[in-house]
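Please open the model in a viewer and keep the selection tool at hand.

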Amino acid sequence: MKTDIQIAQEAKMLPIGKVAEKLGVTEDELEYYGKYKAKINDEFIKRTADKPYGKLILVTAINPTPAGEGKTTTSVGLGMAMEKIGKKTVIALREPSLGPVFGVKGGAAGGGYAQVVPMEDINLHFTGDFHAITAANNLLCAILDNHLQQGNELGIDPRRVVVIRCTDTNDRALRNCVIGMGGKLSGVVREDHFQITVASEVMAILCLAESISDLKKRLGNILVAYKYDGTPVYARDIKAEGSMTALLKDAIKPNLVQTLENTPAIIHGGPFANIAHGCNSIRATKLALKLGDYCVTEAGFGADLGAEKFLDIKCRKAGLAPSAIVLVATVRALKYNGGVPKTELKTENIAALEKGIVNLEAHIENLQKYGVPVVVALNRFDTDTDAELEFIRKACEARGAELALSEVFAKGGEGGIELAKKVVAACEKPSSFKVLYPDEMSINDKIATVAKEIYGADSVVYEAGAEKQLSEILALDEKYSKFPVCMAKTQYSLSDDPAKLGRPKGFTLTVREVRLSAGAEFIVALTGTILTMPGLPKTPAAYNIDVDDEGRITGLF
């Protein structure tokens, strides 16, 4: 089979104006970024303000493994298959981060014959949204450091600066650094840190903001530091929100592209789910719901991370409710959860499936707690045996979830017809969506609820520093106690230990740090050894990416 980039480069794309035309978007409502990309401006959003929403379909997955699950591929393939059975569908995805593209994971535009295109553009600079977010975040940091340099009128304690710089590449050397060195004219010497752009609060804010005015208000609410007397300093106090908003005025507009089969796709925003809240922008999802009768969207990493945050943060904030949830899994990944080495996953092993199926079962049970019908999409490989498929089918049925085989990677939309039909049927079933916990619950209890109900933990403990941080946050303003929690946790396990596969039980979740995202309006609890700035592997994907003499990119996947 051809590589992903070969398939993408051979695609017969429609001019993006033609894709928009099918959706009822006029020429005046588009802002072109070349022939095959465009932003949809606020004129369309205003014009369709009273148009009813279509049905929302969330795609999530079991915990990721080296065997691969194919969540984005399934999202794209499902959208194409829905169109094939006559359902007007728009796909809503996150933008890829350059960190994984040049690191281990590779791109995030789908795979095989279920991709969004132009694949190279989407995986690299796209329309510049991430650059704008990086610039806005670092402008805030520069304004803060300039305030310290120019007399520090507010009495900010340089030892208690909480906002940090960002860059959208994996660069472990920048995790901890010292700035302001070089003499009196080079700034105030202090410790600083970098995180990856997709972990920044500015990224989360862009994805949660409903409008330019909402964006500006949220940016102004970012907690940047504390004064010597312990009182907080926000971005608005150092007059940063206006210029930050100016940098983001185009980035807030959703991007329109298409799949290999010309199904419309809106790709906008991209916070990591193991660190941040893991969902594309509210504006993109709402736009897709206005443009189509169905919107297929995804949340990052496993259902314990991306789906939980989609449901408990994004849906809570946006007033959205999914009609169905698709849970992606593979036979290989379940056998890996059952203890089979990656090199032996192609061999039939029912005993390993019996051990590994618990991971799938946990995610089904967790998602059902939200009151939404669940369909399991099993990405089929040639090495899957009938006995293995039947075992998984029975396990799903026993837990009240439909199972559909998916072959969209090899067959495109045609390979997702069974899945599409079952998802449409699920959307017609009764749904009583509810969030996992109420706003009024204490932050400690919210963290405990997610840890116990979703991860399966027995208890939660806080390191001394985390307890102090949470107390200080709650003392700032009583409204912060009403915020939802955004859990930063390894994606590889239901627990906070990446080595614990399957369905860990009897463990204690450790919270080592707590941060306030006052602009995004959630509280981040960092668990285990999760890092907000990843590093490159020994052999990064960047080694294989190149450009030929004609300007064609190779090695991107």
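The model is predicted: local features need pLDDT of at least 70, side-chain atom pairs count only at pLDDT 80 or more, and totals for chains, interfaces and linings use all residues. Residues are numbered from 1 along each chain as its sequence is written, and side-chain values use heavy atoms, with hydrogens and water left out.

**The cores**

Select Val 224, Leu 248, Leu 360 and Ile 392. Within the largest nonpolar core, which has 136 residues, these four touch the most other members. A nonpolar core is a set of buried Ala, Val, Leu, Ile, Met, Phe, Trp, Tyr and Cys residues joined through side-chain atoms within 4.5 Å. Buried means under 20% relative accessible area, exposed over 50% and partly exposed in between, with a 1.4 Å probe and protein chains only.

A second, separate core comprises 23 residues, among them Ile 91, Leu 93, Val 116 and Ile 553.

Select helix H17, residues 417-427. Helices (H or I, at least four residues) and strands (E, at least two) are DSSP runs, numbered from the N terminus. The buried residues in H17 are Ile 417, Leu 419, Ala 420, Val 423, Val 424, Ala 426 and Cys 427. They pack against helix H4 (71-84) and against strands E3 (55-61), E16 (294-298), E17 (324-330), E18 (374-379) and E19 (402-406).

Axes are lines fitted to C-alpha atoms, for helices over the stretch in contact, and angles run from 0 to 180 degrees between N-to-C directions. Angles under 35 degrees count as roughly parallel, over 145 as roughly antiparallel, 65 to 115 as roughly perpendicular and the rest as oblique. On the H4 side the contact involves Thr 74, Leu 78, Ala 81, Met 82 and Lys 84, and on the H17 side Ile 417, Leu 419, Ala 420, Val 423 and Val 424.

**Helices H7 and H8**

Move to H7 (residues 129-149) and H8 (residues 201-208), whose axes lie 9 Å apart at an angle of about 125°. The two helices are therefore oblique to each other. Phe 130, Ile 133, Ala 136 and Asn 137 in H7 meet Val 202, Met 203 and Leu 206 in H8.

**Loop residues**

Select Pro 118, in the loop between strand E6 (114-117) and helix H6 (119-123). The peptide bond from Val 117 to Pro 118 is cis, with omega near 5°.

Lys 239 has a positive phi of about 55° although it is not a glycine. Is Lys 239 buried or exposed? Lys 239 is exposed, at a relative accessible area of 70%.

Glu 521 lies in the loop between strands E22 (508-517) and E23 (522-527). Its phi is also positive, about 70°, although Glu 521 is not a glycine.

Finish at Pro 504, in the loop between strand E21 (485-488) and E22. Pro 504 counts as buried, at 9% relative accessibility. Leaving aside residues up to four places away in sequence, Pro 504 touches Tyr 455, Gly 456, Ser 493, Leu 494 and Ser 495.

Terms used
Contact = heavy atoms within 4.5 Å.
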